[in-house]
Amino acid sequence: MEAMTSPSWRVAQIRADGENETLEIPPEGLLFGRSQESDVVLDSAHFPGVSSRHAHLFPDGDGLVLEDLGSRNGTLAQDKKIQRSELSHGAYFQLGRGGPQFVVYSYDRLDETVALPHRLARPSRERSLGSQTMFTLRHRLGIPQGGSVAQMVQRRGHRNLLVNMGILAVLIGGVTFIVLKWHESDSKALAALREETRDLATQLQEARRVVETQRQAAQEQESRYEEARQNWVAERDRLQENRDTLAESIGRLQREGRTGADELNRLKGRLEHTTKRLDLFDPVNLENERLEFVAGFESVVVLIEASLRWREEGGERLLYLDQDSPGIAIPNLEEEGELFERAATGSGFCISSDGWIITNAHVVLKEEKEDDTLEFVDDVILRSELDLWVTFSGERKRHPATIVEWRRDERQDLALLKIESFDSIPYLKAFATEGEKPILGSDVFLIGFPGGKSILQEGDRMLASTFRGIVSRTVDYYVQIDAAVHPGVSGGPVIDGQGRLVGVVTGMQTLDDMSNSSAIGYVIPIREVGSVWPPRSERE
């Protein structure tokens with residue numbers, strides 16, 4: 001049987017106008033960069049963020065390897081910054097944030113769907129390959145300058161189809177041979193079957209362990225519920241007995257006339273106090289008290305507005321994008337086109353009379369790994385500038401804010417902001433990061449500003465919204481809830497049925513089609529806030 005050839009790999013730039021040209025990746029790979037010695041030359045006039053020798057893409061075994069060559073603005077694979085990363089069929093990568101984007105695929109797997117994030121398919125301001133780049137690519141790959149790449153790909157496609165059909169015939173013959181020889185290798189098949197059985201037994205044992213752990217956790221929760229219920233019933237019965245005893249004593253003393261007015265009034269006061277405490281056990285009163293707790297949180301919730309721009313280091317010029325054709329924009333510092341700016345809105349809550357505010361790191365445009373500088377043309381360095389403003393719920397005045405600390409990784413998405421304090425500033429009176437995760441199935445309330453300023457408000461007076469749900473489960477570092485988590489609510493507080501702060505909203509579930517499900521939300525437990533509070537200056 002002939003050995004199977006390694007997969008034939010292609011790379012194509014992702015362009016909004018759909019005019020994508022596909023390039024075959026040779027065994028030695030392709031070098032991407034601004035240098036004329038590169039295989040894919042990306043001229044500086046169109047791609048100022050690409051380094052001279054930016055990245056190397058080459059086959060490795062049955063896959064591809066993408067290696068960053070010490071570029072200034074980094075290389076991203078699947079939206080994550082990498083130094084070296086293996087790529088598979090359908091993977092996409094980008095040369096620096098805002099730089100050109102490419103997708104790789106195997107010619108042997110063209111019948112498989114390649115799913116890209118929607119944002120890569122939308123028209124954007126990012127650049128496509130220019131004429132100089134295509135001239136260099138044609139020269140490097142030996143394609144005639146007047147020839148059609150599409151026709152060339154089609155001819156190669158027919159040729160590769162014949163090759164693949166030959167490979168398929170060899171495979172079919174090989175499978176037939178294996179089937180005929182199966183009886184001769186019965187002992188090997190039995191050994192493989194035994195190994196598979198052992199693997200299944202191991203998996204079954206692990207599944208049983210997980211189920212047992214969950215069962216024990218459910219039993220512990222049930223025991224806590226039962227203990228709380230018994231304490232609740234005992235306290236209610238005790239108060240009812242006290243009320244009945246006091247009422248009987250007051251009635252007897254009034255009939256016999258053996259006590260003075262002061263003693264009688266004292267007993268009546270005790271009876272009134274006991275009756276009020278007993279009323280708290282009424283379900284309607286309990287619900288009203290819970291809603292009062294939630295309403296008390298609304299005044300401390302703030303709307304956060306963030307905007308990020310890039311300014312010339314040591315100068316005053318800002319980065320602009322001038323769109324000269326669909327899907328192509330030219331960055332410049334001459335105020336041509338539109339100002340390049342990122343903007344976001346979210347929620348937060350004030351925890352101190354000194355003006356300290358808790359929110360998410362992504363609300364204030366902080367990434368897991370972020371550089372605050374960007375290399376532009378002619379060795380010009382651009383530095384990021386972030387503007388933050390907060391507005392308290394029920395208020396109109398905007399307060400400037402600064403970031404003091406932030407954490408962004410797979411476990412945490414938190415930021416600590418500071419504003420200048422003012423008279424009667426709303427804040428949580430007893431904020432603490434201690435506390436357990438909320439109980440599975442218990443009620444929770446979250447407060448925030450869905451849609452930021454885009455939803456209906458009372459003029460310029462901002463009003464927070466409240467959403468109610470239950471705790472669905474605990475997943476790794478997060479608590480899952482079914483309360484509506486809309487864009488703009490991230491960073492807001494989460495409160496349990498007893499009015500206790502239990503976490504910070506951090507996001508919603510992303511589905512396979514890249515859409516979001518607001519009914520599946522995630523919360524960072526309040527104890528994780530200890531990573532940013534108190535501030536480092538007060539801990540040292």
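Figure 1. Phe93 counts as buried because its relative accessibility is 1%, where buried means under 20% relative accessible area, exposed over 50% and partly exposed in between (1.4 Å probe, protein chains only). Phe102 also counts as buried, at 3%. The structure holds six aromatic pairs. Phe93 and Phe102 form one that is stacked, at 5.3 Å centre to centre and 20° between the planes. Rings of Phe, Tyr and Trp (its six-membered ring) pair if their centres lie within 6.5 Å; planes under 30 degrees apart count as stacked, over 60 as edge-to-face and the rest as tilted. Together with Phe32, Phe93 and Phe102 form one aromatic cluster. This is a predicted model, in which local features need pLDDT of at least 70 and side-chain atom pairs count only at pLDDT 80 or more, while totals for chains, interfaces and linings use all residues. Residues are numbered from 1 along each chain as its sequence is written, and side-chain values use heavy atoms, with hydrogens and water left out.

Figure 2. Helices (H or I, at least four residues) and strands (E, at least two) are DSSP runs, numbered from the N terminus. Tyr92 and Gln94 point one way from E10, Phe93 and Leu95 point the other way, and all are buried. In a regular strand the side chains alternate between the two faces of the sheet. E10 pairs in the antiparallel sense with strand E7 (residues 75–77) over three bridges, and likewise with strand E11 (residues 101–106) over three bridges. Two strands pair if DSSP finds at least two bridges between them. Gln94 is the bridge partner of Leu76 and stands opposite Gln101 in E11. Five residues separate E10 and E11 in a hairpin, and Gly96 in the turn has a positive phi of about 80°.

**Figure 3. Trp356 and its neighbours.** The ring centres of Trp356 and Trp533 are 5.9 Å apart with their planes at 65°, so the pair is edge-to-face. This pair links distant parts of the chain, 177 residues apart: Trp356 lies in strand E17 (residues 356–359), and Trp533 lies in the loop between strand E27 (516–525) and helix H7 (536–539). Trp356 counts as buried at 9% relative accessibility, and Trp533 is buried with a relative accessible area of 17%. The charged end of Lys418 sits over the ring of Trp356, 5.6 Å from its centre. A charge sits over a ring if NZ of Lys or CZ of Arg is within 6 Å of the ring centre and within 35 degrees of the ring normal.

**Figure 4. The barrel strands.** Six strands close into a barrel in the order E22-E23-E24-E27-E26-E25, with antiparallel pairing. Strand E23 (residues 465–475) pairs with strand E24 (residues 478–481) over four bridges. Thr474 stands opposite Val479 in E24.

**Figure 5. Nonpolar cores.** A nonpolar core is a set of buried Ala, Val, Leu, Ile, Met, Phe, Trp, Tyr and Cys residues joined through side-chain atoms within 4.5 Å. The largest has 28 residues, of which Phe349, Ile351, Ile358, Leu428, Phe431 and Val529 touch the most other members. A second, separate core of 22 residues includes Leu30, Phe47, Leu57 and Val104.
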